[in-house]
Amino acid sequence: MAEQKHYDASDITILEGLDAVRLRPGMYIGSTGQKGLHHILWEIVDNAIDEAANGFADQIDVILHKDGSVSVEDNGRGIPTDIHPKTKVSGVQVVFTQLHAGGKFDEHNYSFSGGLHGVGASVTNALSKWLKVEVYKGGKTYGMQFRSYYDEKKGKYESGVPVAPLADLKQKTKKHGSYIRFLPDDSVFSTTEIQLTTVSNRLNELAFLNKGLTINLTDERITANEFKSEDEEGEIKQLDLMGATQPYQVSYHYEGGIADFAVYLNEGKNKLYPKPLYYKTEKDGILIEFAIQHTGDYAESLFSFVNNIPTPEGGFHEMGFRGGLTRMLNDYARDNKLLKEKDANFLGEDFREGLTAVLSIKMKNVQFEGQTKTKLGNPEARTPVESSVVEGLRELASDHKNKKIFEEIIKKAQGAARVRIAARQAKDTARAKNSIDSLTLVGKLAACSGKKPELNELFIVEGDSAGGTAKQARVRQYQSILPLRGKPLNVEKKRLDQVLANEEIRTMISALGAGIGNEFNLDKLNYHKVIILSDADQDGFHIRCILLTFFFRYMRPLVNAGHVYIGMPPLYKVYKQNGSIEEYAYDDHELQEKIEKVGRGYLIQRYKGLGEMSAEQLWSTTMDPARRNLTQVTIEDAVAAENMITTLMGDKVEGRKEFLNRNANFNKADAFIGKVKLDEGGKQ
């Protein structure tokens with residue numbers, strides 16, 4: 001670990017207080033749903049990761065406790081315990097009671113910080129019922145507690161109030177670092193149940209991004225056997241009896257860092273070369289590392305991070321990476337006579353066909369932009385990243401052992417270039433306003449009359465029968481209906497020219513109006529709600545998978561911006577024969593509730609498909625904005641989504657069967673969505 005630097009309360013800069021956090025929590029953590037709940041955990045984890053990223057810690061322990069609280073412990077320097085010169089209270093109290101207070105605003109404490117994307121540990125404190133801190137420093141243990149409560153005398157809620165000043169607990173210790181445990185406030189959050197899958201995916205990702213760091217995760221709410229029986233049915237018989245009482249535990253540690261990350265991402269894929277190419281350097285004050293590995297697939301998968309924070313919307317670092325990759329590989333092809341003098345250079349997309357890449361940079365004064373503040377806005381990052389990629393690949397190519405690897409990369413690019421040239425006409429056709437694609441919409445798309453995309457909705461409906469009913473049910477001013485005739489193409493294993501040759505795909509591209517692939521432009525989007533409406537059976541589930549895979553691979557900004565939704569039609573109608581009462585149920589559990597509500601003499605109709613509904617029923621249950629049940633699709637964890645789409649839609653049958661046997665529930669919206677770590681938007 002790094003040499004201990006001077007780090008005390010005078011290093012903590014205060015920007016503003018805690019006012020209004022509880023009044024408007026969404027302003028600080030985005031939402032009070034699952035995403036916001038996990039955000040207050042990430043604030044604490046970020047602080048521990050920053051200690052590790054700057055060389056002061058090498059272990060982090062996260063525990064999900066039975067009482068619903070969460071604890072995070074690191075073996076770093078420990079939060080400053082001395083008195084802050086301005087506030088005259090301990091550094092611990094400042095950190096947990098002042099918004100934007102911390103040691104990251106002064107570069108001599110942290111060279112690089114991921115926590116800057118958030119609002120600090122004080123928000124976690126403000127939105128918790130109680131929070132406990134212990135600091136291990138200089139052989140001593142210091143402790144402090146905070147609580148939130150309603151003050152009847154003041155007539156308002158008091159958030160994150162210290163129970164008592166920081167105290168020496170008189171417990172000698174050899175440990176160093178910080179321990180924080182908190183209980184999310186159920187009066188703030190719609191749910192306070194921390195999701196094991198969400199936490200484990202993010203901690204696994206952080207371990208990849210911080211080579212050599214050990215992150216231990218314990219969930220005291222379930223036992224090892226319970227977890228195995230849920231997720232690894234075939235292995236439960238191999239466990240000893242201890243698993244019946246021991247809590248679920250997992251440890252993440254990767255000596256290969258992001259090179260191991262690339263291996264993990266390509267699990268189940270056919271690799272062009274067995275080991276990823278990896279390079280790390282520092283240029284102009286920016287730490288830059290990347291790992292690349294090509295597969296037999298056709299889609300590009302680039303996962304970029306800045307100070308450990310995912311940047312799914314890209315930014316200047318991705319521009320530099322792609323530019324450097326294209327420049328160096330073209331030079332290599334020229335130098336090794338793999339490109340003739342008269343031949344045009346390859347395009348970047350030729351080199352990136354089937355590429356899996358992880359790019360991680362660490363820099364100071366990060367600026368995030370974009371729809372979800374996950375796009376790097378620092379233009380000064382582009383040139384250092386580009387030149388580092390060129391230098392790194394040249395160094396790797398100079399190693400004789402890698403000669404065959406680079407020849408394979410060029411060979412794959414040659415094949416991609418041939419297909420690209422052959423597909424150029426098809427792409428032009430797909431983009432042209434007066435193309436055949438536009439003509440294919442006649443008789444298919446029932447377009448709305450509204451001219452404002454932000455108000456317009458496109459329902460992609462399974463089958464002509466359901467499409468006809470939806471056309472009758474819709475509000476023509478803002479709802480368009482696009483029926484699909486047969487299943488669309490599974491694009492996971494297809495080249496772009498094959499994708500564009502599919503009539504259903506071309507129809508969707510034309511209807512949306514924003515292009516495809518690298519040329520996709522959100523500003524040209526015709527609809528701000530794209531709603532997949534399919535039957536609640538295996539075929540409907542498969543169609544949802546196919547469409548989500550297409551959007552993920554070729555229109556990812558559409559998903560990132562939150563424009564894709566799953567429409568959920570009811571499974572059952574519970575009613576009285578005389579028509580006096582009529583209730584709809586969306587799953588088997590709700591069915592029992594509706595039966596009790598309707599009472600004796602009830603009848604049940606099971607809908608096998610959308611086509612069985614009348615226009616009035618489809619409108620009132622599925623299309624009416626005031627009553628419908630929509631699930632918004634957002635990629636909270638792109639890595640988990642990548643792996644799940646590879647499992648569900650790729651070539652490996654065994655992995656797909658195992659997943660479906662374990663998880664598929666075709667009667668629920670999250671049968672596909674939840675398992676791919678797509679965030680639920682709830683009823684809308």
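**The open sheet and the helices packed on it**

Tutor: I509 has a relative accessible area of 2%, and because buried means under 20%, this residue counts as buried. The model is a predicted one, and the description that follows should be read with that in mind. Helix α15 spans residues 503–512 and packs on a sheet, where it touches β17, β18 and β19, and its direction makes about 170 degrees with that of β18.

The sheet itself is open and consists of five strands in the order β18-β17-β19-β20-β24, with mixed pairing. Its edge strands are β18, residues 479–484, and β24, residues 630–633, each of which pairs on one side only. On average, neighbouring strands of this sheet are turned by 25 degrees against each other when direction is ignored. Within the sheet, strand β19 (residues 529–533) and strand β20 (residues 564–567) run parallel and are joined by four bridges; in this pair, I531 has Y565 of β20 as its bridge partner.

A further helix, α13, lies across β17 (457–462) and β18, and runs at about 170 degrees to β18. Helix α13, residues 464–473, also meets helix α19, residues 615–623: their axes come within 8 Å and cross at roughly 80 degrees. Angles of 65 to 115 degrees count as roughly perpendicular, and α13 and α19 are therefore roughly perpendicular to each other. On the α13 side the contact is made by T469, A470, Q472 and A473, and on the α19 side by A615, L618, W619 and M623. Sorted by class, this contact of α13 with α19 has six nonpolar residues, two polar ones and no charged ones.

Another set of paired strands involves β21. Strand β21 (residues 572–576) runs antiparallel to strand β22 (residues 582–585), and four bridges join the two; one of the paired positions is Y575, whose bridge partner in β22 is E582. The hairpin of β21 and β22 has five residues between the strands, and in this hairpin G579 takes a positive phi near 80 degrees. Strand β21 is also joined by five bridges to strand β23 (residues 602–606), again in an antiparallel arrangement, with V574 standing opposite I604 of β23.

F406 counts as buried because its relative accessibility is 0%. Neighbours within four places in sequence aside, F406 is in contact with L277, M328, L329, Y332, L393, L396 and A397. The C-alpha atoms of F406 and L329 are 8.3 Å apart, while the two residues are separated by 77 residues in sequence.

Helix α8, residues 316–335, has 20 residues and reaches 28 Å from its first C-alpha to its last, close to the 28 Å expected at 1.5 Å a residue. The buried residues of α8 include M328, L329 and Y332, as well as H317, E318, F321 and L325. After α8 comes K337, whose phi is positive, near 60 degrees.

Technical notes:
Residues are numbered from 1 along each chain as its sequence is written. This is a predicted model: local features need pLDDT of at least 70, side-chain atom pairs count only at pLDDT 80 or more; totals for chains, interfaces and linings use all residues. Side-chain values use heavy atoms; hydrogens and water are left out. Axes are lines fitted to C-alpha atoms, for helices over the stretch in contact, and angles run from 0 to 180 degrees between N-to-C directions. Angles under 35 degrees count as roughly parallel, over 145 as roughly antiparallel, 65 to 115 as roughly perpendicular and the rest as oblique. Contact means heavy atoms within 4.5 Å. Ala, Val, Leu, Ile, Met, Phe, Trp, Tyr, Cys and Pro count as nonpolar, Asp, Glu, Lys and Arg as charged, and the others, Gly among them, as polar. The expected span of a helix is 1.5 Å times one less than its number of residues. Buried means under 20% relative accessible area, exposed over 50%, partly exposed in between (1.4 Å probe, protein chains only). Two strands pair if DSSP finds at least two bridges between them.
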